[in-house]
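Welcome! Please take a moment with the sequence and the 3D view below, and then we will walk through some charged side chains together.

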Amino acid sequence: MPTSHIPHPTSHPPLNWNSRHLTRGWQKGITAFYYGLGFKDDDFDKPQVGIGTPLLDGNLCNVHAYELAKEIAAGCREAGLIGFPFGTPAVSDNITQGHLGGRASLVSRNIIADSAEMVTTAHGYDAMIGLHCCDKNGPGFAMALARMNYPGLIVSGGSIRPGCHNKRDTSILDVYDSQAAAAVGAITPEEADQILRTACPGPGGCGIAASFNTWGLAMEAIGLMPPFSSSHLAEGKAKRVECRQVGTLVRNLLEMNLRPRDILTKAAFGNAMRMICAAGGSTNGVLHMLALAAEAGVDFTLRDIQTICRETPVLCAFAPRGTKTMADLERLGGTPVLMKHLLDAGLLDGGCLTVTGKTLAENVADAPPIAAGNELIFSKDECLKPYADMAICFGNLAPGGVVFKVSSMKEPRFRGKALCFDDPRAIVDAAAAKRIMPGSVIVLRYWGPVAAGMPEVLVATAALATKELDGKVAFLSDTRVSGVSHGAIGVHLCPEAAVGGPIALVQDGDDISFDLTKGDLTLHVSDDELANRKSNWRPPTITYDVGYLATFAATVGQADVGCVGNVRAT
């Protein structure tokens, strides 16, 4: 079980509980740097706040990160704090799709957690703020907060504005779907390229309920993100005003001595997971929830998530299940409106504490009711589906579990013949050549956390999203998919192939079935035959061409513990 760096004291410590050991400590020489930074005498007793800033000007999601960090720092100063933006690595989950750079995506989450922990603890900061701008940013900062148990919170960098094509809102989802459609002749390449050029008109994270917004919604529901933060768009005054007010929230956390683990209870994790399910969110949210629980020392597992998925209806028509974006939610009044709706429906525990110092129910008490006739949020009685688009299954093919997302499936059961691949690009080629038939179970393996850093393989699932195949084939893998993906998709299959998981033993033509209502995934091969295959299986020789992958593989846990480092998962 992880332990915090500083024990949570029972009495209220001074607000500069940590930084005073540097500013007023025995080693007076270090204060020369503070004078060089422009400190006045009274600044030495002010609390210091680290502002984790995922810097990557080469990515739309992050291009405004430093601007927002400076707004937060200015707000800290107004609240009597001193805010120091510090940079962390960032990796674009879109730009790295479909090539070897994608292996860095999940790795970057763990590196962000380590970097934020390292800077915050090394410099004796009293609190930390983490900017969630792209998929792995917020999860990394949340993991660091849970690990350190320093006061702090997560701020969303905000979603991108929708694009427009033929007077219709578009998003990054339309880019990938239109390219897949053009590849099979359903639309012209010229139209697909028109969509591509106009779908992403400015800064901000992907605007649909993909991985970025799945985490933002989850963080508001769990209590680590201030109200409205996930729904304020990246561009515009509202996001800047929000950032300017964060310093006051952090000062309040210090005055209350309210720490992340006071907020991150099992009930709070339940709230976050129900939000993900009701919104039709990404499977990546499951992985990050498990990682955050491991860091916080909370017993929240795939079995808990399995139950929540079965009990939680889908109430939102966000893309990729529908067509709506976070811009539509902001027009309805923002995330607190959705949270109040879920609370009134009995889906959330309103008694959980949040970073405002108030309960979830208190935060949303003044939120207006859902506007009648809107096309984004539905009542429990008129739900889009009585159970989540996600389901957790276990079985002889996935003893440690598999996470399904099946928004395009009409039936909760599927059975088909295995078609095995070791390369996602080969799936794209096979689909384009019409070698993949309805009723197939596409098995992609040797792309798990140890083998390859567990990259997203959106290019493969997008190739299966054509009219002929969408919802009519299944996809199973030990890696991840983008939250943009849709279809009948089972990912995070555990244990992965590279460590000898049963997925390594599947052969073309094997019968595979799953039943989402029962939570079963079955490889219909006899135990004797599987034992024979296992005796003939040899672990692959994995050569890492980049150092960060070798380091990650040496310490990473499997997907059932969120792929945190093994030392954190024990």
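## A linked network

Salt bridges join Asp-93, Lys-136, Glu-456 and Arg-480 into a network. Please keep in mind that this is a predicted model. In total, the structure holds 30 salt bridges.

## Asp-93 and Lys-136

Asp-93 and Lys-136 form a salt bridge whose closest N and O atoms are 2.8 Å apart.

Next, look for Arg-244 and Glu-71, which form a salt bridge with their closest N and O atoms 3.0 Å apart. Here distant parts of the chain are linked again: Arg-244 belongs to helix H9 (residues 237–256) and Glu-71 to helix H3 (residues 65–78), 173 residues apart.

Arg-244 has a relative accessible area of 33%, so it counts as partly exposed. Glu-71 is partly exposed too, because its relative accessibility is 21% and buried means under 20%.

## A bridge between two strands

Finally, find Asp-511 and Arg-415. In their salt bridge, the closest N and O atoms are 3.3 Å apart. Asp-511 sits in strand S13 (residues 511–515) and Arg-415 in strand S9 (residues 413–421), so to speak distant parts of the chain, 96 residues apart.

Notes: Residues are numbered from 1 along each chain as its sequence is written. This is a predicted model: local features need pLDDT of at least 70, side-chain atom pairs count only at pLDDT 80 or more; totals for chains, interfaces and linings use all residues. Side-chain values use heavy atoms; hydrogens and water are left out. A salt bridge is a side-chain nitrogen of Lys or Arg within 4 Å of a carboxyl oxygen of Asp or Glu. Helices (H or I, at least four residues) and strands (E, at least two) are DSSP runs, numbered from the N terminus. Buried means under 20% relative accessible area, exposed over 50%, partly exposed in between (1.4 Å probe, protein chains only).
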